[in-house]
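Colleague: Hi! Could you walk me through this model before I set anything up?
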Amino acid sequence: MRILLVEDEPKIANFIKQSLEAEYFAVDVAEDGEQGSHLAHINEYDLIILDNLLPKKEGIEVLREVRTSGITTPILILSVTNEALKKVDLLNTGADDYLTKPFVLSELLARVRALLRRPKPIESDMFTIGDLVLDAKKYTVRRGKKDIYLTRKEFMLLHYLMQNEGTVLSRGMILEHVWDMNTDIFSNTIESHMLSLRKKIGDSGKSRIIQTVPSRGYKIGV
Ligand code: CA
């Protein structure tokens, strides 16, 4: 899952970015409204966290531009307490939720999870393919009776594949959802992570569940 965070205060931005990364999200940070709007238009995000008071372009302006462009990504607005009237405008303009500053981390994470669940209410946190089971809430992976220990990126990669079981995912889609914008797209990042992921889950011979689809990408399924 990839999140765009638009926040001009470096301390808050870093704190949120690190907290979300610890929860296995990939996070891009934009430091002002203009950059935020630009990134929201060129990349495909699963969620946008948008501060309302921003230099160059206000949050509500960014929100309006994004929604006018037909981008339906869930948007969580961060606003300060005395902006009560604006909250109504924000929701009317297409924000999905808002959080008042200062907030506690657990509340931010709870709202992020709720928004990410919203379009797919039936989806659970457990993904099963054959004897491979991934628990997205506990961050655990098992194959048969064996616990498998994955790095953060390997886990995110497997999670993304399992969420899209049976669908071919291109390198571009994988990069968009699992890596952040600082990734060198010409490096063999995906291949090397895929290789170690396959090794760890014992993906070979008859147990193979991740298929490489030549010149198209990867697909998971039995
Ligand atoms: Ca601000």
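Modeller: Happy to; we can go from the overall chain to the sheet, the cores, the metal site and a few backbone details.

Colleague: What should I know about where the values come from?

Modeller: This is a predicted model, so I keep to some limits: local features need pLDDT of at least 70, side-chain atom pairs count only at pLDDT 80 or more, and totals for chains, interfaces and linings use all residues. Residues are numbered from 1 along each chain as its sequence is written, and side-chain values use heavy atoms, with hydrogens and water left out.

Colleague: Fine. How many helices and strands does the chain have?

Modeller: There are eight helices and eleven strands. These are DSSP runs numbered from the N terminus, helices being H or I with at least four residues and strands E with at least two.

Colleague: How much of the chain is buried?

Modeller: Buried residues make up 48% of the 222. Buried means under 20% relative accessible area, exposed means over 50%, and partly exposed is in between, with a 1.4 Å probe and protein chains only.

Colleague: Let's do the open sheet. What is the strand order?

Modeller: The order is S6-S7-S8-S9, with antiparallel pairing. The edges are S6 (126-129) and S9 (146-148), each pairing on one side only. Two strands count as paired if DSSP finds at least two bridges between them.

Colleague: How many bridges join S6 to S7?

Modeller: Four, with S7 covering residues 132-135. As an example, Thr128 has Val133 in S7 as its bridge partner.

Colleague: Which helix packs on that sheet?

Modeller: Helix H6 (residues 152-163) does, touching S6, S7 and S8 (140-143), and its direction makes about 110° with that of S7. For such angles, axes are lines fitted to C-alpha atoms, for helices over the stretch in contact, and angles run from 0 to 180 degrees between N-to-C directions. Contact means heavy atoms within 4.5 Å.

Colleague: Now the inside. Which residues touch the most other members of the largest nonpolar core?

Modeller: Leu158, Ile174, Met194, Leu197 and Ile210, out of 29 residues in that core. A nonpolar core here is a set of buried Ala, Val, Leu, Ile, Met, Phe, Trp, Tyr and Cys residues joined through side-chain atoms within 4.5 Å. H6 gives the largest share, seven residues.

Colleague: What does Ile210 contact?

Modeller: Leaving aside neighbours within four places in sequence, the contacts of Ile210 include Leu161, Met194, Leu197, Tyr218 and Ile220. There is also a second, separate core of 19 residues, with Met1, Val27, Leu78 and Leu116 among them.

Colleague: And which residues of H7 are buried?

Modeller: Ile174, Leu175, His177 and Val178. Their cover includes S1 (2-6), S2 (26-30), H6, H8 and S11.

Colleague: Switching to the metal: what coordinates the calcium ion?

Modeller: Asp8 (OD), Glu9 (OE), Asp51 (OD) and Leu53 (O), at 2.1 to 3.2 Å. Donors are N, O and S atoms within 2.8 Å of the metal (3.2 Å for Na, K and Ca), and water is not among the atoms, so sites may look incomplete.

Colleague: Is Asp51 buried or exposed?

Modeller: Asp51 is buried, with a relative accessible area of 3%, whereas Leu53 is partly exposed at 45%.

Colleague: Last topic: where is the cis peptide bond?

Modeller: Between Lys101 and Pro102, with omega about -5°. Pro102 lies in the loop between S5 (97-101) and helix H5 (105-117).

Colleague: Which loop holds Lys56?

Modeller: The loop between S3 (47-51) and helix H3 (59-68). Lys56 has a positive phi of about 70° although it is not a glycine, and Lys56 is exposed, with a relative accessible area of 61%. Tyr139 also has a positive phi, about 60°, and is not a glycine; Tyr139 sits in the loop between S7 and S8.
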